[in-house]
Amino acid sequence: MYKSKVTFFFFLAVIFCISSCVNTQKSTYFNNAQDASITAGLNDLPEVTIQKNDILSIVINSLNPEASAIFNVANSSTINYTTTGTFQSTGGYLVNSEGFIQLPILGNLKVLGLTKKQLKDDITATLIEKKLLIDPIVSIRHLNFEVTVIGEVGKPSVITVPSEQLSLLKALGLAGDITIYGSKDNVLLIRENNGKRLVKRLNLNSPEFLRSSYYYLQPNDVLYVEANKNRVASASRSRQLLPIVLSSLSVI
C-alpha cells in the first residue's frame, strides 16, 4: 500500500514538472523593450481607401439648411418592426459591387479606391461647380468599420469601431487578450484591399512591432491567433499520461 502511494505521488510530480515547463519569453509582449518615445510608423499611415460594400455616412451642410437637407436623407437610421422583434438598420450610402454610390441630385459617383479626403474634395468641388450650395461643408465617416479577432483569445468576436481608429493591441484587449496557449510571436493578420488579400505574420514578442505600419488596423481586418506548441504538447501529454494515471489509481 505504501509503495502504491509513493508511485501515485511520483506520477503526479512528473505531470506537474512537465506542465510547468513554459518559455516565459514567448508568453510576454515586447520582450526587452526600453523606455522610448516612438513616433516612426504611427503618424505616416496611409489613409484607408473606400472598398466595395462599405457604408459611408456623408453629411453635407451649408449656409442654407433647407438646401442641404436633401443630401442627408440617407444618413438617418430606421427602426423596422417584425413578427420576431425589432431591429435598427444603419443609414448611409452603400458602395455597390461596381464601386459607386448614389447621392441625391449628384447621381452616381465612383468612390472605389478613393480616400475619404479625396471623396470629400470631389463632392465639394461638384457642389460648387453646379452652384447647388454655397460654401458646402462635407463630412464623411465609415459606418461599418469592423475587425474580427479569432483563435486563442479570451473572447473571439467581431468588434465595431465607431472612432475609425483601432490599434491591434486594443483589439486583442477587447477580445479578452491572447490566452496562455496563444502564440504571440506568430499572429496572423488578413487584410483585403482593392480586391487583393494580404496575409502578414506579426511578432508581438518584439518591441519592433510598436514601430510597425500594422500597429493600427483597417476595416474588415481579421486577426487569427494560432495555438502555440504548449497547447499541442499539453493535448498530447494528456492523451499519453491519462492511461498511466488511471492505471495508478486502479492499483491503489
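Select V48, T49, Q51, D54, E192, N193, Q218, P219 and N220, which line the largest cavity. On a 1 Å grid over the protein atoms alone, a cavity is a set of points where a 1.4 Å probe fits but cannot get out, and lining residues have an atom within 4 Å of a point. The volume is about 60 Å³, taken as the space filled by probe spheres set on the points, with grid points joined across faces, edges and corners. By class, the lining has two nonpolar, five polar and two charged residues.

This is a predicted model: local features need pLDDT of at least 70, side-chain atom pairs count only at pLDDT 80 or more, and totals for chains, interfaces and linings use all residues. Residues are numbered from 1 along each chain as its sequence is written, and side-chain values use heavy atoms, leaving out hydrogens and water.

Next, select strand β10, residues 182-193. Strands are DSSP runs (E, at least two residues) numbered from the N terminus, and two of them pair if DSSP finds at least two bridges between them. β10 pairs with β11 in the antiparallel sense over seven bridges; to find one of them, pick L188 and its partner R201 in β11.

Now show the whole open sheet, five strands with mixed pairing in the order β9-β8-β12-β10-β11. Its edge strands, β9 (157-160) and β11 (196-202), each pair on one side only.

Finish at β8 (residues 146-151), which runs antiparallel to β9 with four bridges. Pick V147 to find its bridge partner I159 in β9, then trace the five-residue hairpin that joins β8 to β9.

Conventions. 1 Å grid on protein atoms, 1.4 Å probe; cavity = no way out; pocket = protein on both sides within 12 Å on 5 of 7 lines; lining within 4 Å. Nonpolar A, V, L, I, M, F, W, Y, C, P; charged D, E, K, R; others polar.
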